Amino acid sequence: MTTAPSLLFKTHPHPTRIADDQRAELLLSPGFGRVFTDHMVTIRYSETKGWHEAEIGPRGPITLDPAAAVLHYAQEIFEGLKAYKADDGRILMFQPEANARRFQQSAERLAMPALPEALFVEALEQLVRVDAAWIPDGAGSLYLRPFMIATEVFLGVKPSAEYLFIVIASPVGSYFKNQTGSLSVWVSDDYSRAAPGGTGAAKCGGNYAASLLAQAEATAHECDQVVFLDAVERRWVEELGGMNIFFVFDDGSIRTPALGGTILHGITRSAVIALARARRLEVREEAYSIEQWREDAASGRLREVFACGTAAVIAAIGQVRSRQGDFTVGNGEEGELTGTLRAELTDIQRGRSEDTHGWTHPVS
Ligand code: PLP
Ligand code: COI
């Protein structure tokens, strides 16, 4: 772990926080990503000063010069993780160090400076502490969104010399409108998310911008998510617009596409692999084709398919739609292992079961 550079966070508490009764009402049914807490963290970077001006203050609009590099060349990266309120009152973040490391890897790919791991985690802790009242009870959580933008005022195409790191927080419930039941997915024939040598393994805004048209096509076909195939042969399943994917077979083995530079290495994906291996299930990180998916669903060899990610948690996929025809996985409903793994993961995240993996990070 990188040691914390001595950066003192200046705190400017919000002069008019949202009133308790208003907040309580917002927390009743927050949905995903539309409700925000009172504060945000900002840290600046410049080539001359390094990381400086760490502040925690009221959440609000930021001012950017219209020539700021991010607005033209999309030099932006982000992360997503959650903080939970445990039954015993503790606040637990799930693997913030893993997000810090992935943020550094994304930064490297986008030619941005590496934010030290300890500073990343400290920024999250500061925000969670000041806005702890915003963590929903019950099944909800506080979604944390750290991100970094290029702020140099210059239209030449080169890595920016200045950056702004921000963390905002949003109390959330389910990512999907349909909170129960399984997901339907649309297999995109026309669009690729990432190509070899591209930015698929980085969590940069540009990847999501490139996915929106395919996601809109999925929505037009009444599907929850788009499935992206590899950009070269257009047959290997890679991942969904905002989550990784797992296949469960009748012999008890499970499979997920291998990380090859075009897929985001999900932190939930790694946790699922560890949980499945702890149950002595065989986990293969291997390519799986759309033809095989269709064939295995028809033969019954394929028992369950699920999506996983911070926002999605673990969600069954029941229906698959594509130009080549639709098919159903199993009886279209959530399978047993999907439910078991979700319960196991969420119990650890919420401090309801022992965390033998060292995944939870208490905030005091
Ligand atoms: N794949 C994509 C494209 C994502 O946006 C996400 C969500 O962050 C994931 C996978 C899952 O990653 P994680 O489990 O770290 O949230
Ligand atoms: C996350 O799960 O954190 C993501 O970034 C994915 C997105 C669907 C919100």
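Predicted model: local features only at pLDDT ≥ 70, side-chain atom pairs only at ≥ 80, totals over all residues.
Me: Helices (H or I, at least four residues) and strands (E, at least two) are DSSP runs, numbered from the N terminus. Which of these elements each supply at least two residues of the shell around ligand 1?

Reply: Residues are numbered from 1 along each chain as its sequence is written, with chains lettered from A and ligands numbered from 1 in the order in which they are written. A residue counts as near a molecule if one of its heavy atoms lies within 4 Å of it. The elements that each give at least two shell residues are β11 (237-240), α6 (267-278) and β15 (302-309).

Me: How many charged residues does the shell around ligand 1 have?

Reply: Ala, Val, Leu, Ile, Met, Phe, Trp, Tyr, Cys and Pro count as nonpolar, Asp, Glu, Lys and Arg as charged, and the others, Gly among them, as polar. Of the 17 residues around the ligand, Arg-102, Tyr-208, Glu-239, Thr-268 and Thr-310 come nearest. By class, the shell has six nonpolar residues and seven polar ones, and its charged residues number four.

Me: How much of the accessible area of ligand 1 does the protein cover?

Reply: Polar contacts are pairs of N or O atoms within 3.5 Å. An oxygen atom of the ligand lies 2.8 Å from a side-chain N or O atom of Lys-203, 2.5 Å from one of Thr-268, and 2.6 Å from a polar side-chain atom of Thr-310. Accessible areas come from the Shrake-Rupley method with a 1.4 Å probe. Of the 390 Å² that ligand 1 has on its own, the protein covers 96%.

Me: Are Glu-239 and Arg-193 buried or exposed?

Reply: Their side chains meet in a salt bridge of 2.8 Å, N to O (a side-chain nitrogen of Lys or Arg within 4 Å of a carboxyl oxygen of Asp or Glu). The pair links distant parts of the chain, 46 residues apart: Glu-239 is in strand β11, and Arg-193 is in the loop between β9 (183-187) and α5 (205-220). Relative accessible area under 20% means buried, over 50% exposed, and in between partly exposed (1.4 Å probe, protein chains only). Both residues are buried.

Me: What relative accessible area does Glu-53 have?

Reply: Glu-53 forms a salt bridge with Arg-44, the closest N and O atoms being 3.7 Å apart. Arg-44 counts as partly exposed because its relative accessibility is 33%. Glu-53 is also partly exposed, with a relative accessible area of 41%.

Note on methods:
Heavy atoms only, no water. Polar contact = N/O pair within 3.5 Å; in protein donor to acceptor, adjacent residues only side chain to side chain.
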